[in-house]
Amino acid sequence: MNYVIIGNSTAAIAGVEGIREVDSQGEIVLISRETHHTYSKPLISYYLAGKVSRENMDYRPADFYARNRVKTYLGQEVTSINPETKTVHLEPEDVDLSYERLLIATGGSPIVPPVFRGDYLNLHQFYCLDDVLNLSRSLEEERPRKIAIIGGGLIGLKAAESMVLRKQHVIVIEAGPYLLGSIMDREGAALVHEHLVEQGIEFYFSRPVIQLETGARGIEGLILEDHTVVACDMVLLAAGVRAAYPPTVAGGLKTDLGILVDNYMQTSIPGIFAAGDVAQGFDMMAEVSRPVPILSGAYRQGRIAGLNMAGQKKESSGIMAFNSIPLLGLNIATAGLSTEVGDDFTPLSKTGPGKIYQKLILKENRIHGLIFVGDISRAGMYRGLMTKKADISSYRQHLLSSDFGLKYLPEEYIEEVL
Amino acid sequence: MKKVVAIKEYCVACGLCEVYCATVHSRYPDSVLKAFKLSPQKPVSRVFLEKSEQWSGGIQCRHCKDAPCIAACITGAMYRNRDGIVLLDEERCVQCSTCVIACPYGLIKESDMGGRKVLLKCDLCYQLAESPTCVTYCPNEALIWVEEGETL
Amino acid sequence: MAISLKLPEFLVVRDKERCIECQVCVNQCANEAHIWDQDLEQVVSNDVACVNCHRCVVYCPTRALRIEEWKQDFKKNANWDGISIKQTYLQAESGGTLLIGMGNDKAYPIYWDHLLLNASQVTNPSIDPLREPIELRTYLGRKPDLLKNPSAFREELPPQLQLEVPVMFSAMSFGSVSLNTHRSLAAAASELGIYWNAGEGGLHEDLFSYSPKTIVQVASGRFGINASMLKRAGGIEIKIGQGAKPGIGGHLPGEKVEEDVSRTRRIPYGSDAISPAPHHDIYSIEDLRQLIYSLKEATAYERVVGVKVAAVHNIAAIASGIARAGADIIVLDGFRGGTGAAPLRIRDNVGLPAEFALAAVDQRLREEGIRNEVSLVIAGGIRNSADIIKAIALGADAIYIGTAALIALGCHMCQKCYTGKCNWGIATQQPDLVRRVNPKIGRERLVNLVRSWEHEMKEMLGGMGINAIESLRGNRLMLRGVGLNAKELEILGIKAAGE
Amino acid sequence: MESRIDATGKHYKTLNQEIISGMNGGTTKLILDNVNGQRYIGDALEGNQEIIIHGVPGNDLAVFMNGLHITVYGNIQDGGANTMNEGTLVVHGSAGDTLGYGMRGGEIYIRDDVGYRAGIHMKEYGDDRPIIVIGGGAGNFLGEYMAGGLIILLNLEGRENCLGNYTGSGMHGGAIYVRGDIEKQRKKIKARIVPVQNAEAEELNHYIGRFSKYFDRNPGPVRPEEYFKIVGTGARPYKKLYVGV
């Protein structure tokens, strides 16, 4: 069996590891547009903040490809995929590589709002290693005083954190009404907001940028919907990510918001698999097919894809969105349907002391989502109960109590841990 | 792979597993007294004594086959070594705590080491020739080190 | 409320240099003598609660703890010493009968320590137990007067208990001790090829597999006794009395009657389990015979039926009566015998030393020509293998150990068994404390103890030039008394040292 | 299968062996004639068979018995149903001392009187609940140290003195129902006396109904006011007796 993997990030690496769990012999070829050894995308903000060295950004040790006998084509782009001939075409190498199993793990690409489409010297993406290498150089050369970050989501706030740690003045512009809208409720977001304001970050909410003021240095000001003008001398884009589809596949892959895959991570074309941010798999909490662009999901999907590509039938039970993000000393963790509201969902929450907020979203005696701010030490147990779809009715009254732990859980759960 | 199993029928809830685990992972692995008296911060255990009215047991990382913490680790610092032990490379860890929420048993803990946050988990004392320290020092053999699936 | 005049008995000495505030002592003390003080952020002692059981001392990982006597002098008075005064305070405050656990702790003479064994020198060789077989196996039960057919190779014998070592674990009921203690005793006895006595509280269903090595006890309360249990058991013992409290019955407080105990004893949960001193169907030797034979009938004459009595003043005559009532074994429980709970005045003032009872009974049964009809088992204060060898030379067929077995399991002799809060998990039914005896470890420790004694006994036997325990039995020439008066020597039936 | 044994002149050991052989041989109803003082009849026997005894069996009849239905046409001696586990003993006459000592389950019906210490140490656990129904009166120490079970004393002759002294001393479980006038006997009772509730009549009627069936003697349906009930002073009668040193 020979395998071709397009991509070099989490899902691709997990694909290699999945294949090698089953098939130690088959030839694996890995193709990446980027030239770097596999690195961890979430670490770019840590790199920028000086918390991680370049070497320590590697997602796997330097000998990973050699040890797993992976042939790499780095800095190469796949320009076409032909399921008929089972080949992919590479440029600039200009070769056709044939595969028996293909894994598409091309990840995502940052969304550029229309108003920012243009070539500005001081406009930076905040998505991949090259972006931050570039940004780092600019910060040193241009010494900006005010940096505007477009987007108050996960990436935007991690970018903001790294800029604060570099002693920069940061302005975050969020089109929505509060921070981290995709994973956080208003109460939790308020705490995060309060904390970040204390750290000197400025915020604008509910007002998208409608126009740019430009000058010699590029963007010099942002005009918001209400005509507020925000002066800045550097802009970081963190407005979200969408699936980065590979070039047109002859015969076409079925897509929705990502490439549609079954529970074995196989696409609509047999022999072609997809995993990670480019794929749209099953969300175990929402119980629908939808993209869940998180690293652990990419890993799980990649590994499942790898196992199945190598012939071991392994079904995915779906993935769960969950995150843990420390922001300038404040811990935040969310999981599952953390923003869900509505009649069916009952919130259970507690606050304080200090910047502590914990909330479980319950429905039909199950935990469907959680938001933890400040103290996240027990969050894993609740997430474990979510994964198990555990019936919490017998210990519902103890949920979120300060001593909540195994002791309140049913016997079978305890036995599993002992 | 050999794992530590807690036998709740014989756990006496003394907490010596925690004391010795903290010691062996401290700067003074051979002396409880020094570990607790001389360490700049109170030594922290990676095994946790869970107590209720009905039972108690020293619980710790299960070194899961399909480890959620490895899948979730954003840096690759969480890895499985050749013996199957799930380990955290503290050099590479950026303390994002994703493993804390990934672990379904809540067995990876954040600890404050004098203002520096660190994440700690059981390493089965893999550098030691003998059994894990908590097993060695369990006074009532309520922690045992056995091959998976081995019955008592 | 009037002030209590009670004083602490013990002082908890905590070496602050060594204490690491790990709270292991707090976790281990069921009496709450160690308390974590949230405000002080340190462990503090409540000395009044300390019973000196050493649980904390043993568990402290830095050896920071030591328990001392709380030294409070009273004005010197040879008559009214501190103990007498404190006990008077206690009774004046409570109006209660003084209750205590374990055996008599008074400084009465220990006659074992006044007996010396013989050893071979020159005139007959000693035997090396490392190279030559020495037989410790013995059989308890009625032996025939003579062989019916001396030329036959085999002869039918009445039922016998076969012991690989002349040691048994004496009766300690489930209820007074924990199930894990019973598990340890049962497993050790089975491994050693000896018997353990389940006591008067019945046999827990988890231990049925050990029945063949179990002696079940029929006491006045008849707890847990039924037909199938009698048939299943290896042996049966009727308890008339026990050395720690002759003339006093058993009384298991309701706190210790939790679900398992209640099911095993067939009494309601939380109810006191009372077995008064008399069996109310036994008021004479003839009545005793009736119970013995009802048990023999119940078991088709296939089980050994023993009778346990406390060693009391007319023990020789009593034993003779018991032998004639048809008992296969007589157990003589000396006044040092342990118990879970006894009235203090009874424990300390009633009964006889087992040494005297044994010598007197063995002598009497020989004189009456019925020594072969019954086996003699001695209990009450046997501490080591030398005590056993001396007991056998004085005429015992085997001995029972209770306290020694509990010490092997971890007992530190704090004498608080009656509180139900045994920190060593032995004399308790509190689930978190019961877990403290791991039966696997318990079994190993008991087996180790008996095996080590076994070798010591062989060494002593070998030294005397004797290669079988049967040849030592009643062989009082192997004993000499030291520091005993003429009357004591006469009762013990031994010569003085140097004679 | 029914069989008969003539007990005349037989030692108890022989007789009991014959009974066991009979049972092992498949006898379901065994009739013993001319029983005269032989002990241990029914000792530790288990099963559903029936034994009918004509004559006066000796001590420890039905001792340790587990099952079986024994009917005696005559009196029985001491120790009847000693430590009995299950089964039924029906006596067309009177019983000697210590009837039902330490009884753990099963039922006893005595047509006439019982001697001293009947029902002493009776216990109960779960469904195992021993029952003694007595047609006449009882001697001293009825229900002493009783920890469970039920004794019903019908006093069919209406004697003023149907109870002996020290009735219920040390009692800490179970209940004794007595038919008759409380006032004359109050001093003899060493446990708590309580009125009988209407709700209890049903259970009493159940056992009295059986008694009536066995003996053709019927005190009529229970009227609570005709009875009084003796119960323990609590599950822990001696709780305050001791103080730990």
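## Chains B and A

The contact takes 37 residues from chain B and 43 residues from chain A (contact: heavy atoms within 4.5 Å). The model is predicted: local features need pLDDT of at least 70, side-chain atom pairs count only at pLDDT 80 or more, and totals for chains, interfaces and linings use all residues. Side-chain values use heavy atoms, without hydrogens and water.

B:Ile74, B:Ile101 and B:Tyr105 supply 21% of the area that chain B buries against chain A, more than any other three residues.

The rule finds four salt bridges across this interface (a side-chain nitrogen of Lys or Arg within 4 Å of a carboxyl oxygen of Asp or Glu). One of them joins A:Glu411 to B:Lys8, with the closest N and O atoms 3.0 Å apart.

## Chains D and C

Chain D gives 40 residues to its contact with chain C, and chain C gives 53. Three salt bridges are found across the interface. C:Arg266 pairs with D:Asp128 in a salt bridge, the closest N and O atoms being 2.6 Å apart.

## A helix pair in chain C

Helix α11 (residues 385-393) and helix α14 (residues 439-463) of chain C pack at about 50 degrees, their axes 9 Å apart. Axes are lines fitted to C-alpha atoms over the stretch in contact, and angles run from 0 to 180 degrees between N-to-C directions. Helices are DSSP runs (H or I, at least four residues), numbered from the N terminus.

The residues of α11(C) that meet α14(C) are C:Ser385, C:Ala386, C:Ile388 and C:Ile389. Their partners in α14(C) include C:Trp453 and C:Met457.

Terms used. Residues are numbered from 1 along each chain as its sequence is written. Chains are lettered from A and ligands numbered from 1 in the order in which they are written. Helices (H or I, at least four residues) and strands (E, at least two) are DSSP runs, numbered from the N terminus. Buried area is the accessible area (1.4 Å probe) that two parts lose on being put together, summed over both.
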